[in-house]
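Please look over the assembly shown below with its chain contacts, its folds and a few of its backbone details in mind. The briefing after it takes these topics in turn.

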Amino acid sequence: ETQGVSDDEVVIGSVNDLSGVFAAVGVPAVNGANMKFDEVNAAGGVHGRKIRFVVEDNGYQIPRAMQGYNKLLNKDKAFAMLLSLGTPMNIAGFKLMDPKGIPNVGPLSAAREMLAEPMDNKFTGFSSYWDQVQVGVKYLAGEFGAQEVCTMYIPSDFGKEIADSTKDVTAALGLTMAGETTHKPDELDFVGSLTKLKSAGCDVVTMALGVRQGITVVGTAKKLGWTDVKFMNTSAGFLEPVAMVPGGVTDGLYAAAGWVDLYSRAADAVPGKFIADYKAKYDQPASGFAMLGYSAAETLVRALEAAGPDLTHEAFIKGMESLDYFDELTDAQITYGPGDHRGADEVTISVVEGGGWKLVSRQ
Amino acid sequence: MRIHFKTSYEHDIRLFPDWWTFFVYATLIVVAVLLPWIMDDFYLGEVTNVLIWAIAGLGLMLLTGQTGQASLGHAAFLAVGCYSCVIFMEQGLPFLIAFPAAGILTGIVGTIIAIPAVRLHGIYLAIATIALSILTDDLIVLMEPITDGVSGKFAPMITIFGIEIERWTTPDRFYWLVLAITIICTLIYRNLLRSPLGRAFAAVRDSEVSATAMGVHIARTKAASFGISCGITGLAGALMGFYAGAFNNETFSIVISITLLMMIVIGGLGSIHGAFFGAVVVAYLPQFLSIAKDAIGGGGVAIPGLETGVFGAILILFILFEPMGIYGRWMKIRIWFELFPFARKDMFKRQKSYLKTERLR
Amino acid sequence: MSSLLEIKNATLKFGGVVAVNDLSFTVEEGEVYAIVGPNGAGKSTVFNLISRFYDPYSGSITFDGKNLLDRNADQVADLGIARTFQNIELFDHATVLQNLLVGRHRHRRTTMLEEMLFTPRVRREEKRHREAVEEVIDFLDLQPYRNKMIAGLPYGVRKVVEVGRALATGPRLLLLDEPASGLSVEETQDMRWWIDDIRKQMGITVLMVEHDMGLVSGVSDRVLALADGAKLAEGTPAEVQSDPAVIEAYLGAGAA
Amino acid sequence: MEVLQLLVSGLANGCVYGLIALGFVLIYKATEAVNFAQGDFMMLGAFVTLGLTNAHYMGLPFWVAAPMAIAIMAVLGYLLDFFVLRHLFGQSQTAVVILTIALGFVIRFIAGAIWGHEPQTLESPLALGDIRLGGVVLGMADVAVIVVTVLLTIFLYQFFQRTKLGLAMQAASQNQMAAYFMGVPVKRVQGMIWGLSGAVAAVAGILFASKGAIDPNAGLLGIKAFAAAVIGGFGSLPGALAGGLIVGVIEPFASRYLAAGYSQIAPYALLLFVLVFRPHGLFSQVRTKKV
Amino acid sequence: MSETVLEVKNLESFYGPIMAIRGASLKVEKGQVVTVLGANGAGKSTLLKTISGIMDPEKGQVIFEGEEIQGKEPHSIVRRGIVHVPEGREVFPLLTVDENLSLGAYTRNDKAEIEKDREMVFDYFPILKERRGQEAGTLSGGQQQMLAIGRGLMLRPKIMLLDEPSLGLSPLLVQEIFAILKRLNEDEGVTMMLVEQNAKVALELADMGYVMEIGRIVMDGSADRLMESEDIKAFYLGHQEEGARGERRWKRKKTWR
Ligand SMILES: Nc1ncnc2c1ncn2[C@@H]1O[C@H](COP(=O)(O)OP(=O)(O)OP(=O)(O)O)[C@@H](O)[C@H]1O
Ligand SMILES: Nc1ncnc2c1ncn2[C@@H]1O[C@H](COP(=O)(O)OP(=O)(O)OP(=O)(O)O)[C@@H](O)[C@H]1O
Ligand SMILES: [Mg+2]
Ligand SMILES: [Mg+2]
């Protein structure tokens, strides 16, 4: 008897941020996943089982997250977790999931720990921040002959990973690490930090900041007349609103991520339909994270299908490890296998141009 | 109505005013001990959580309710307790030593912080402690070599006399541990209230001038209050760490500090019951809302942030309904029953009341 | 007989206001010494100087041969000086009993740790404090109010509780700031007996500020009349009351 | 030059803190309550303006939308007092504090539900264009913030100091009962001050949003504004502005000259430092009760 | 026939479960000074608070100039011309003496007259003029009491409710205050309701007197008549044989109990 599985239902859980500082990530992702599950359920479910997706709001607080895990795993008896948000929250959750062998699929955290040992029950969707920064800095260095690399980050696990990766790749490429600055999530003015980095002569600046802050940084740099520098975001800042800031404030901002921007492909069939459907369902424009949510749900559904009608954790993990398909929505090849628990291995690099993201490289 | 016939001064010093009260609390404790056989793991986990919050609430209550010092930074002391306990254990100390040592260390830290803080009043103290709470986050990052910075730490297995205790694998044992600590902390609190120091706390809260004239050293008394309060909070912090299993610099955020203060006010400032009532509301209400939402909406998210919004709205109603906290209401209901059938309907109608400035102390 | 309290050339200014002006007087052990004077003469300020709430600009204050100016406000009680406040400063959210027990604070012998564990010693001490306080309650007829919250007591009772709390400290010198203001004639009468007993039975020296001349002349041995922070007259109640300067500045023609 | 630039940007930034701090101080001066939702008020004010003026929503011209938003927020502030806070009249201020914290949750939820959780940019004429003086650049929005903040501080200061209503508000905060005895309609007066602080929050919100994007969590800024108000001395209007400026200026200098990891601590470290030496902030004197 | 300006009928007031006024009725005629005597805790202050709207009565009416005003907001009652000078010097501690006085005239708009009244108050209490810039909270007890009374006068009331105006004042000032009250009453026709522990001066000034005990009016009559009553003499005027130490314990029973 596997928990969360009955003849006509399978329970999927998620501990997410629907009201805290990362609500802008969690909300659309959950919406996207719900959209996919609604479609699947409307078509009769997977092997006759409807998917029940239960989401607990953690407000980006660990104690709340722990209550969420307690409810999902002990009360709702979730079969697997999907899209759980926050690195520390996920890690704390592993304590409970690992002994029970509960799969954790596509967490909304690009930290490397998402695939920490024991890895059997952990699956991530995309490249980690670490990889994104590695690829991004390499690209910018190669493309523009950048020499001096800098980083701006929030001192959290997220910021630390990006800062560390920046330092690592800088050293590996034989470039110089020229400066770094730290920030608080509520900081709103970056003149000081930018003056510091400018005088340090940075060519490339990697950023691990809040979305709103990222916008301000780029705008302020322009205002200060600092134009010979490339700012680079990771998937955490790879969002429509960043590109759409009026007045072309963010033009020229790079982002390294694991997928291709949705709106730049709005004319294509699958992304176009997704944008329309999402708008129709939620009366809000679809965002990159909505797309990620949908795509992660799709991965899960495919794995459930592959696992066969006798659903157990082992069968599901086998199912996951058998997946290999091209996801048109994210424009990425998704491959899992024994020993490969990461879906899309590619890192994409995009730049803001004329109010939208333009893909410039993928590797 | 119960009438206490007092035959000696001993009566007013006793833990329980009469046999009935003793009986009530004894029953409560027996039920609490038997709980793991009554409840499933989910509810047991929630009760454990409520108890941990209640301990933290007792800590803050002592400072805010008894001594009148509002702190919005108690999450910092949760962090100190949590980190020190785990670090002590990593150094090889057994839980039975590491845990109280963490409480004592947190108490000492609190006392040291109290030295400049005793000169602050009201809102100034609240903001200073907020700053403290924010700085703690950064300090944990800066002290990476001992705290492991942003990657955080994992709570080790607790072993007491060879018995292994862990939140997920042995939830019942963990619950009993928390229950025992709750009872001990409550007793300490209660003992303080019936002894000179507890009265000195109340004196400092109500009038610093006349407390001084009675020979109460204001700074020392406040520092003592800070120390004990932080010590108890530190114990709660350690338990919170074991409850979460993993923690880092973001775990004990300012939101937790604010929630703690909210909890004791809603429970009822200045009473032990208040800490428990508040913990039930603040720690369990979000979970309850979530379950209620599932029952109504059948799972899935309807509206993002709804639970937090509703939580806020309910807290507002709590405050509007009873600004003196749930404990105030509880007392009224009790009196009503005790007086039955002689209670007037509007006996507890709020008489108009008026505030005077608190800027003068 | 040596002086219990000695104030010499004390001066205190608040900005331009000279509240106490080069004032000297002594209070002998065992007497009731009253200070009278117009409103704003500096009577309460003298009390505040003795309780060490203010530092004098100049001058000295000694109590039982010890320099009071060396002590902090909270150490004054330890020396055996207790006071009441003109405007009533009780612990409003506590009962009468608790208020009086705070008065016993200077007799606290137990440590924080013992109190946390409520050891038998704490229990014994508590009983001792309680007995002392009950004596005060009996003495001031406060039995009906023992377990009442201060916040709900009428003005007059609070005044009495203030006196009780000061007495509970077991002082050698009791400072009473307008103990009878707001009391009815009957209660003032009681206060008079109480002050008498405090002095005679308990052997406590009393320094009192009061506007009710009936009470002042009834209980005090000596009276000091202040005006604008300086001594106007000093002597027996009768002497001071008949002093023309005092009549002019303080008593008014009608009272003569 | 660099120093000048840091200073000027810091001042502009500090004015935003100052504006929010003004809101805190207003409420405190008139009711002795502390409004923990002031930052969320500001966020709401910004979103209301955004909802009125952005093309995606109602698309009204900015100069129509801004006064409308200010008026709406003023009315909301008054209604909040009328329907909610008035029930707590005479109750301890801790209850009000907790209520405003909870109110912040509700406001954040409402803003998220209406405008979503992603950051949005206000289409404001202030957002465009910079002013260059020598090597120093200042956005139009920055200039607007500085001008408006200074004017508002002067106006509110005069209001409290010179008008009968201002005096009545101070009186009501010191002794509600005595204010009633003087015929001051205390509750209505407090309603007005909540309205006024709503309006101030809207102004702050508009200017804040003109400087960058906003999202429902933008109200978190309130905590730093709080620190600013306390540095200045809670209860002093010029103090609020000064505190805001101090925090605003210290930030860019700290980020410029301090090592990474330490710079973001600066405002809070400064706050603690100030409080150790002046427990009641820079601009208000310590008062002890006369007994 | 004089007219009744203020009438209290069967008033009951509570502090939570505590009944402080237990059905009190009284009348104040225009131009009269009425005094309410009573022991500590009798409910005198509560009675005045209920009239001025600071407390809501549970039952009964307060009728002012023919209109029921019980339960109304206190500021609207003040605007009708009732001013309450409360017990215990409720000044605005952080405002200056001058500002406190200005607030006394909050309901008025006649600038010139206000200034005249301010001068009048300064005339009565010269020390206030001297200290006009001092924060009221730092005044001495008696000075605060003067300020509270002066502030009450600034309202130009029709009726004044005075709660122990002589509290903490020097004997000289007590005489002066009562002279002022007498003058206001006789010259300006201000009606007054006076609560005093100093029964002698109160009865000398008053036309009518009421005696309260535990929330009830137990005795009433003209001031002269009350002055003659044995009970009043014994309990409120202090005409007791002195020295009888035992009396403290064996108090004379009041006849109205
Ligand atoms: N903190 C202070 N600041 C300024 N002036 C003060 C302060 N404290 C007292 N004063 C002034 O000092 C003088 C003496 O005040 P004090 O309270 O000693 O008078 P008092 O003799 O007790 O009068 P009362 O009989 O009215 O109580 C008064 O004029 C008062 O205004
Ligand atoms: N805030 C309160 N809460 C509860 N009970 C109160 C409160 N204020 C007064 N009382 C009670 O109401 C009764 C009447 O009090 P009140 O103050 O009216 O008496 P009073 O006649 O003015 O006495 P005094 O002469 O001392 O001023 C008293 O028994 C008192 O205990
Ligand atoms: Mg005095
Ligand atoms: Mg009274």
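Predicted model: local features only at pLDDT ≥ 70, side-chain atom pairs only at ≥ 80, totals over all residues.

Residues are numbered from 1 along each chain as its sequence is written, and chains are lettered from A, with ligands numbered from 1, in the order in which they are written. Eight pairs of chains are in contact, and among these chains B and D share the most contacts, where contact means heavy atoms within 4.5 Å.

**How the chains meet**

- Between chain B and chain D, 49 residues of chain B are in contact with 54 residues of chain D.
- Chain B and chain D bury about 4,700 Å² between them, with 75% of that area on carbon and sulfur atoms; buried area is the accessible area (1.4 Å probe) that two parts lose on being put together, summed over both.
- On the chain B side of this interface, Tyr124(B), Leu355(B) and Arg359(B) lose the most area to chain D, and together they account for 17% of what that side buries.
- Chain B also meets chain C, through 29 residues of chain B in contact with 37 residues of chain C, and this pair buries about 3,000 Å², 65% of it on carbon and sulfur atoms.
- In chain B, the residues that lose the most area to chain C are Tyr9(B), Arg199(B) and Met214(B), which together make up 26% of what that side buries.
- Chain A and chain C do not touch, their nearest C-alpha atoms being 30 Å apart, and no contact joins chain A and chain E, whose closest C-alpha atoms lie 36 Å apart.

**Chain B**

- Chain B has 15 helices and four strands, these being DSSP runs numbered from the N terminus (helices H or I, at least four residues; strands E, at least two).
- The C-alpha trace of chain B spans about 60 × 55 × 45 Å along its principal axes.
- For 361 residues a compact globule would have a radius of gyration near 21 Å, and the 21 Å of chain B agrees with this; the radius is taken over C-alpha atoms, and the globule rule is 2.2 Å times the number of residues to the power 0.38.
- Of the 361 residues of chain B, 61% count as buried, the classes being buried under 20% relative accessible area, exposed over 50% and partly exposed in between (1.4 Å probe, protein chains only).
- Among chain B contacts between residues at least 6 apart in sequence, 75% join residues at least 24 apart.

**Chain E**

- Chain E contains 10 helices and 10 strands, and its C-alpha trace spans about 55 × 45 × 40 Å along the principal axes.
- A compact globule of 257 residues would have a radius of gyration near 18 Å, with which the 19 Å of chain E agrees.
- Buried residues make up 61% of the 257 residues in chain E, and 65% of its contacts between residues at least 6 apart in sequence join residues at least 24 apart.

**Local features**

- Most residues other than glycine have a negative phi, and most peptide bonds are trans.
- The peptide bond from Glu117(A) to Pro118(A) is cis, with omega near -10 degrees, and Pro118(A) is found in the loop between strand 4 (104-105) and strand 5 (122-123) of chain A.
- Asp331(A) has a positive phi, near 60 degrees, in the loop between strand 11 (324-327) and strand 12 (332-335) of chain A; Asp331(A) counts as buried because its relative accessibility is 17%.
- Phe118(C) likewise has a positive phi, near 50 degrees, and is placed in the loop between helix 4 (112-117) and helix 5 (120-139) of chain C; with a relative accessible area of 6%, Phe118(C) is buried.
- Tyr57(D), in the loop between helix 2 (38-53) and helix 3 (62-83) of chain D, is partly exposed at a relative accessible area of 29%.
- Not counting residues up to four places away in sequence, Tyr57(D) touches Leu50(D), Gly51(D), Trp115(D) and Gln120(D).

How values were computed: Heavy atoms only, no water.
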